[in-house]
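Dear colleague,

Please find the structure below, handed over for your records. My notes on it follow.

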Amino acid sequence: MCTIVGDSLAGYSDDVGGRVHDLLGTRCDPYVNQMLSGKGFDFHCHSNLTRAILPFGLVESDVHDVLNVFQVTGLNKDGQYYMEPCPAKPGDYFELFAEIDLLGALSTCPGGDLSMWGWGKDSDADDMLDCCRPLAVEIFKLTDPSLLKGWEPPKSPAYSGIHGLKMPKFEP
């Protein structure tokens with residue numbers, strides 16, 4: 001789908017081994033928030049992404065795995081998932097080369113840069129909004145085709161099975 005071609009924080013690691021651009025965790029959603037805090041909140045990344053894709057004929061169930069760009073996460077020595085404040089500064093970047101047509105939806109974490117994080121009844125969402133930072137997106141059009149010399153679009157794996165299921169035989 002895409003290839004990372006530039007990352008100003010590629011070598012970043014915290015003291016425990018956590019890194020930026022998280023694929024380990026998921027996105028926060030109103031279902032977990034309701035369960036943990038007893039409060040409704042419709043501006044988590046899941047809800048933001050759902051609203052972003054609706055104009056393209058997609059629905060909530062189309063929001064699936066996310067790439068948490070600039071979010072620091074990892075597993076601590078006890079194997080527990082953790083998040084740390086974002087180390088990104090103005091000018092840091094993360095560049096992708098889209099190898100197929102992509103629809104990208106973006107949500108700036110309503111938890112901000114995670115320097116004021118909290119879950120449950122004691123968390124204060126207003127404080128978290130104080131540490132939200134803007135993200136910029138630039139889409140570049142390739143003007144020099146020679147840059148793609150040697151590149152080939154991804155090929156289908158040509159899997160022809162049906163995951164072990166047997167299709168019924170239809171008689172005319």
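A disulfide is taken here as a pair of cysteine sulfur atoms within 2.5 Å. The model is a predicted one: local features need pLDDT of at least 70, side-chain atom pairs count only at pLDDT 80 or more, and totals for chains, interfaces and linings use all residues. Residues are numbered from 1 along each chain as its sequence is written, and side-chain values use heavy atoms, with hydrogens and water left out.

By that criterion, the structure holds zero disulfides. The sulfur of Cys 2 lies 18 Å from the closest cysteine sulfur, that of Cys 45, which is too far for a bond. Burial is judged by relative accessible area: under 20% is buried, over 50% is exposed, and values in between are partly exposed (1.4 Å probe, protein chains only). Cys 2 is partly exposed at 37%, whereas Cys 45 is buried at 11%.

Cys 45 also belongs to the buried part of helix H2, together with His 46, Ser 47, Asn 48, Leu 49, Thr 50 and Ile 53. Helices (H or I, at least four residues) and strands (E, at least two) are DSSP runs, numbered from the N terminus. Because seven of the nine residues of H2 (residues 45–53) are buried, this helix is largely enclosed by the rest of the structure. Its buried residues pack against helix H1 (30–37), contact meaning heavy atoms within 4.5 Å.

The largest nonpolar core consists of five residues: Leu 9, Val 20, Phe 70, Val 72 and Phe 94. Such a core is a set of buried Ala, Val, Leu, Ile, Met, Phe, Trp, Tyr and Cys residues joined through side-chain atoms within 4.5 Å. Neighbours within four places in sequence aside, Leu 9 is in contact with Val 20, Phe 70, Pro 87, Ala 88 and Asp 92.

There are two aromatic pairs. Rings of Phe, Tyr and Trp (its six-membered ring) pair if their centres lie within 6.5 Å; planes under 30 degrees apart count as stacked, over 60 as edge-to-face and the rest as tilted. Phe 41 and Phe 43 have ring centres 6.0 Å apart and planes at 70 degrees, so they are edge-to-face. The rings of Phe 97 and Trp 151, with centres 5.4 Å apart and planes at 80 degrees, are therefore edge-to-face. Since Phe 97 lies in strand S4 and Trp 151 in the segment after helix H3 (125–129), this pair ties together parts that are 54 residues apart in sequence.

Yours sincerely
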